[in-house]
Amino acid sequence: MSQLPEQSSRTSVPTSADVARAAGVSRATVSYVLNDNTSVRISDATRRRVREAASGLGYVPHAAARSLRAGHSRMVLLPAAHLPAAPLQQRFFTDLQSDLRRLDYTVVQYGSDGLEADEAVRAWAELRPVAVVAPSGVRLTPRGIALLTRSGAKAVITLGPQPVEGAHALVLDQRQVGGSAVCHLLARGRRRIGVVMPREAGLAPFSEPRLAGALDAAEASATGARVRPLPLRYDEASAGELAARWRTLGLDSVFAYDDEYAMLLMRALQDAGVEVPAEAAVVGAGDLMLGRLLRPRLSSVRMELATAQPPAEMIDRLVTNHCGAPERHDLLRATTVARESS
């Protein structure tokens, strides 16, 4: 019978004391160097010697022990959510994690599939994070926020279209996207506007606010413009069916949710003999490079993060000043880039 290789009980985990002996310095110096503490003056040569010794021994600081000494953790927990891989969201989370690490936080992503809202919150609380940043698609309730706070979280932050009572809110208001697209189409003289509503699961947190923004913009214009939702699957058959009946819909333009749906529908409209933009002005969202390579070039809503303070620094401030009232910060700026398709 085969056996697993026996691991030596004599193998020990390297400690800061081992690093101190190898570098010829005190354990305090090791701590100062490896924690990037600049309050104590240490020469560059000593810092380099400590880091080389730690690398040679394979020493890694013990995060839990450091948390015990400090009285709190440096863990920021990011609950995982099934969200579309939109470039803006990808860039936001990539930059956020990188910036938090530079601020000496440990970033942990936590999958909560199969857990009810309260079960998920209890699982997060067991890790004792100093902050939780919950994206859109992760259900967070006032009761859950209170549990996290009692468990030591100094900042609970939601990231999505709507704030949650008791939490700080970094708001990505998707209504701006639909509003910007419709305002652009209205300025071009369009008055009968379709809005694509993807049938794919998981997109409702984005598509529904975009539709709401489109409706608000049409109503505020006092032009008599009307907006009609257009359900669409992300496949050629669905796009072809919609394009085939375009002339029966009485529409003169369409905001197609994003650039991918816009490119899909525009190709189907052209295949059906519908002229773009003469019979159907088309606007997407996301400002993808591929949309600029189409003919006609695709008009698109460009989405940018607009904050006076980087989100990681904002989170650090909320953790440090954790007794303050919940804050709201609007992160999204949406502007339509006009090209030939509209």
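Which side chains meet in a salt bridge at 3.0 Å, N to O, with R317 as one partner? I looked it up: R317 pairs with E327. A salt bridge here is a side-chain nitrogen of Lys or Arg within 4 Å of a carboxyl oxygen of Asp or Glu.

I noted the ground rules next. The model is predicted, so I read local features only at pLDDT of at least 70 and side-chain atom pairs only at pLDDT 80 or more, while totals for chains, interfaces and linings use all residues. Residues are numbered from 1 along each chain as its sequence is written, and side-chain values use heavy atoms, with hydrogens and water left out.

Back to the pair. Helices (H or I, at least four residues) and strands (E, at least two) are DSSP runs, numbered from the N terminus.

I then checked exposure. Buried means under 20% relative accessible area, exposed over 50%, partly exposed in between (1.4 Å probe, protein chains only). R317 is partly exposed at 26%. E327 is partly exposed at 24%.

Next entry: D287 and R339. Their side chains also form a salt bridge, 3.0 Å from N to O. They sit 52 residues apart, D287 in the loop between strand 9 and helix 13, R339 in the segment after strand 12. D287 is buried at 9%, and R339 is buried at 16%.

Last, I searched the whole structure and got 15 salt bridges.
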